[in-house]
Amino acid sequence: MACDAPRVGRPVLGTVVGYTLNDAVRLAMADDSAQHGNTVADTLLNGVPDFSAQSSIAVATSMVRQPRVLAVIGHMNSSSSLAAAQTYNDAQVVQMAPTSTAELYGQAGPFSFRMVPSDAEQGPALARAIARDFARGTRVAVLYVNDDYGRGLRSSFRRALDTEAYPLVAELPHLDGQSRGTSVKADVAPVVAAHPDVIVWIGRPTTLHSVLPAIRAGLPAVTVLGSDATTAWTVRGNTDGVLTGVRYVDYLDLDATPELREFADRFTQRFGYPPGAAEVLAYDAARLVLRAVRDGVQSGDALRLWLDGLGRERAAVTGVSGVLSFTTDGDMQRPLVLRSIPAPAPHPEP
């Protein structure tokens, strides 16, 4: 764990996210200090976490033992956020999950907040995209990661899909990070044999990158519609073009408003790479916590009440991503958008 040395008396904001989201928190801290002329909180910034339940609980336990920890931004995905949620709730430390969408997280406890809607919203959004863009009779296959996130979103999508109009011809679970090697063709063979017109990919882009060439070899015209986890392609990039044309659900369109465009420009200039929606949401989460501290909040329970009151007892805050307030389940309501992964930029002539 890498961290700054907290000063006695200052509240501490921790993170359990990837390095890029830590950069977003650093920018939030810098912007807040520049705006007000002083620093009101310290940070405890973790590097890339292990997503396993055991590791997530261990990191959360370490976090809540730190003096004056007010809130933690994290964890990086639904499985790790859910695993750690009980630890934070027991310690009355607010957990601000930037991109965790599993429906169960909404019942994790009163100290569990997230910057996105749950999969109860995303599943129907995926089903509506199919109904809007494809003719009745379009054949659908689902490839889902076999964890809390993937199973939950698969169920939400299946409940919303009109399978009489859009027959579900194949479903295949997978594990992220497993060694695929020469097994790729065997892994996707049942899906290719079912001849779907649309594949709904519920999982991460790194695994999609490993199987998509085999899928397209057997199904050259298939449309791939990815879930929100596909947004992580922005960090990895699409330099080899394998993911070109994949459509996916995103939390934000970073070209949609002047505020988002300005943030993306500043972030890129400062850190040398462009942000995605997750970085914007981590930034807004940190700014919310810092705003609460400037309003006098000094404990996790007081922060919980402050966040619960946004849009009720107190005015909602406008962040880079828009108006920020939470439902009674701690969910941030925002419309989901559908985007496409562009082709890699051409290399300039030498």
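A: Bear in mind that this is a predicted model. The buried residues of α1 pack against β1 (12-16), β2 (42-45), β3 (69-74), α8 (233-236), α9 and α10.

Q: Which residues of α1 are buried?
A: They are Thr-20, Leu-21, Asn-22, Asp-23, Ala-24, Val-25, Leu-27, Ala-28, Met-29, Asp-31, Asp-32 and Ser-33.

Q: How many residues does α1 have, and how far does it reach?
A: Helix α1 covers residues 19-36, which is 18 residues. From first C-alpha to last it reaches 26 Å, close to the 26 Å expected at 1.5 Å a residue.

Q: And what follows α1?
A: Gly-37 does. Its phi is positive, near 80 degrees.

Q: Back to α9 and α10. At what angle do their axes cross?
A: At roughly 95 degrees, and the axes come within 11 Å. That makes α9 roughly perpendicular to α10. Here α9 is residues 258-271 and α10 is residues 277-294.

Q: Which residues meet there?
A: From α9, Leu-260, Phe-263, Arg-266 and Phe-267. From α10, Glu-279, Val-280 and Tyr-283. Five of these contact residues are nonpolar, two are charged and none is polar.

Q: New topic: the six-strand sheet. What is the strand order?
A: The order is β7-β6-β8-β9-β10-β13, in an open sheet with mixed pairing. On average, neighbouring strands are turned by 20 degrees against each other, direction ignored.

Q: Which helices pack on the sheet?
A: Helix α5 (residues 148-160) packs on it and touches β6, β7 and β8. The direction of α5 makes about 155 degrees with that of β6. Helix α7 (residues 205-218) also packs on the sheet, touching β6, β7, β8 and β9 (223-226). The direction of α7 makes about 160 degrees with that of β8.

Q: Tell me about β8. In what sense does it pair with β6?
A: Parallel, over five bridges. Val-140 stands opposite Val-198 in β8, and Tyr-144 stands opposite Ile-202.

Q: How many bridges join β8 and β9?
A: Four, again in the parallel sense. Trp-201 stands opposite Gly-226 in β9.

Q: Why is β8 largely enclosed?
A: Five of its five residues are buried, so the rest of the structure largely encloses β8. "Buried" here means under 20% relative accessible area.

Q: Which way do the β8 residues point?
A: Val-198, Val-200 and Ile-202 point one way. Ile-199 and Trp-201 point the other way.

Technical notes
Residues are numbered from 1 along each chain as its sequence is written. This is a predicted model: local features need pLDDT of at least 70, side-chain atom pairs count only at pLDDT 80 or more; totals for chains, interfaces and linings use all residues. Side-chain values use heavy atoms; hydrogens and water are left out. Axes are lines fitted to C-alpha atoms, for helices over the stretch in contact, and angles run from 0 to 180 degrees between N-to-C directions. Helices (H or I, at least four residues) and strands (E, at least two) are DSSP runs, numbered from the N terminus. Angles under 35 degrees count as roughly parallel, over 145 as roughly antiparallel, 65 to 115 as roughly perpendicular and the rest as oblique. Contact means heavy atoms within 4.5 Å. Ala, Val, Leu, Ile, Met, Phe, Trp, Tyr, Cys and Pro count as nonpolar, Asp, Glu, Lys and Arg as charged, and the others, Gly among them, as polar. Two strands pair if DSSP finds at least two bridges between them. The expected span of a helix is 1.5 Å times one less than its number of residues. Buried means under 20% relative accessible area, exposed over 50%, partly exposed in between (1.4 Å probe, protein chains only).
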